[in-house]
Amino acid sequence: MNRLQTIDADTLQSTAYEPAFFVVDDLLPQGLHLLAGAPKIGKSWLALWLCLCAARGKPLWTFATRPCEVLYLCLEDNFQRIQSRLFDLTEDAPPTLHFAVMSQQLHNGLVEQIEQFLKKHPQTRLIVIDTLQRIRTVGNDANPYAASSRTSYPSFPPTSKTHSFRRSSFSVQNRFAGF
């Protein structure tokens with residue numbers, strides 16, 4: 001059995017830690033975040049707007065953002081639909097905003113795909129995955145959205161061997177059946 005890894009208060013207070021990086025000040029620090037809600041209420045629109053604001057370094061509502069490279073895995077869309085939505089938001093999207101409409105699943109190559117992307121784009125600080133169900137490998141459940149709300153969430157981002165995962169913020173969208 002693994003033992004608990006603890007730290008005493010004196011050591012904790014005397015240890016210098018690097019401050020957390022915020023993609024969106026006071027709202028979205030580095031780490032894993034879930035954006036969850038009922039289907040068709042605008043989660044994908046919000047995710048696209050978040051990505052656009054972060055890539056431009058423009059405020060999200062009243063919250064400042066840090067300009068950075070952004071990867072948006074919009075796995076329920078196609079490039080034509082994303083283009084249309086992007087044009088609804090802006091005429092001049094930055095080249096630091098990247099899209100993918102297909103990826104491997106979580107335990108079947110997605111981590112390696114993201115690591116490859118981060119090697120090529122080391123200034124990436126925000127990765128949005130739309131939706132959780134598209135990257136999970138669930139059993140033969142007739143309703144994958146219901147299955148995802150009953151089962152535990154994946155370990156993502158994984159305990160990384162690379163520094164690049166630790167510097168990024170991940171936003172994963174999910175739908176909850178019955179809400």
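**Helix 2 and its surroundings**

The axes of helix 2 and helix 3 cross at roughly 65° and come within 11 Å of each other; axes here are lines fitted to C-alpha atoms, for helices over the stretch in contact, with angles running from 0 to 180 degrees between N-to-C directions. Helix 2 passes helix 3 in a right-handed crossing. A crossing is called right-handed if the near helix is turned clockwise from the far one by less than a right angle, and left-handed if anticlockwise.

Before going further, I must state that this is a predicted model, in which local features need pLDDT of at least 70 and side-chain atom pairs count only at pLDDT 80 or more, while totals for chains, interfaces and linings use all residues. Residues are numbered from 1 along each chain as its sequence is written, and side-chain values use heavy atoms, with hydrogens and water left out.

Helices and strands are DSSP runs numbered from the N terminus, helices being H or I with at least four residues and strands E with at least two. Which residues bring the two helices together? From helix 2 come S44, W45, L48, W49 and L52, and they meet R85, L86, D88 and L89 of helix 3, where contact means heavy atoms within 4.5 Å. By class, this contact has six nonpolar, one polar and two charged residues. Ala, Val, Leu, Ile, Met, Phe, Trp, Tyr, Cys and Pro count as nonpolar, Asp, Glu, Lys and Arg as charged, and the others, Gly among them, as polar.

Helix 2 itself covers residues 43-56, which is 14 residues. From its first C-alpha to its last it reaches 20 Å, close to the 20 Å expected at 1.5 Å a residue; the expected span is 1.5 Å times one less than the number of residues. Is helix 2 mostly covered or mostly open? It is mostly covered, with 10 of its 14 residues buried. Buried means under 20% relative accessible area, exposed means over 50%, and partly exposed lies in between, with a 1.4 Å probe and protein chains only. Among the buried residues of helix 2 are A47, L50, C51 and A54. Helix 2 is followed by G57, whose phi is positive, near 75°.

K43 belongs to helix 2, and K43 counts as buried because its relative accessibility is 9%. What lies around its side chain? The backbone oxygen of A38 is 2.8 Å from a polar atom of the K43 side chain, and the backbone oxygen of G37 is 3.5 Å from a polar atom of that side chain. The C-alpha atoms of K43 and D130 are separated by 8.8 Å, although the two residues are 87 apart along the chain.

T90 lies in the loop between helix 3 (79-89) and strand 5 (97-100). Why does T90 count as buried? Its relative accessibility is 8%. Its side chain makes a polar contact of 2.7 Å with the side chain of D92. A polar contact is a pair of N or O atoms within 3.5 Å; within protein, one must be able to donate a hydrogen and the other to accept it, and residues adjacent in sequence count only if both atoms are side-chain atoms. Leaving aside residues up to four places away in sequence, T90 touches L52 and R56.

**Two loop residues with positive phi**

K40 sits in the loop between strand 3 and helix 2. Its phi is positive, about 65°, although K40 is not a glycine, and K40 is exposed, with a relative accessible area of 76%. W61 is placed in the loop between helix 2 and strand 4 (69-74). W61 has a positive phi near 55° and is likewise a residue other than glycine; at a relative accessible area of 52%, W61 is exposed.

**The wider chain**

The protein chain comes to seven helices and seven strands. Of its 179 residues, 40% count as buried. Among contacts between residues at least 6 apart in sequence, 73% join residues at least 24 apart.

Finally, L118 lies in helix 4 and is buried, with a relative accessible area of 4%. The C-alpha atoms of L118 and E69, 49 residues apart along the chain, are separated by 9.7 Å.
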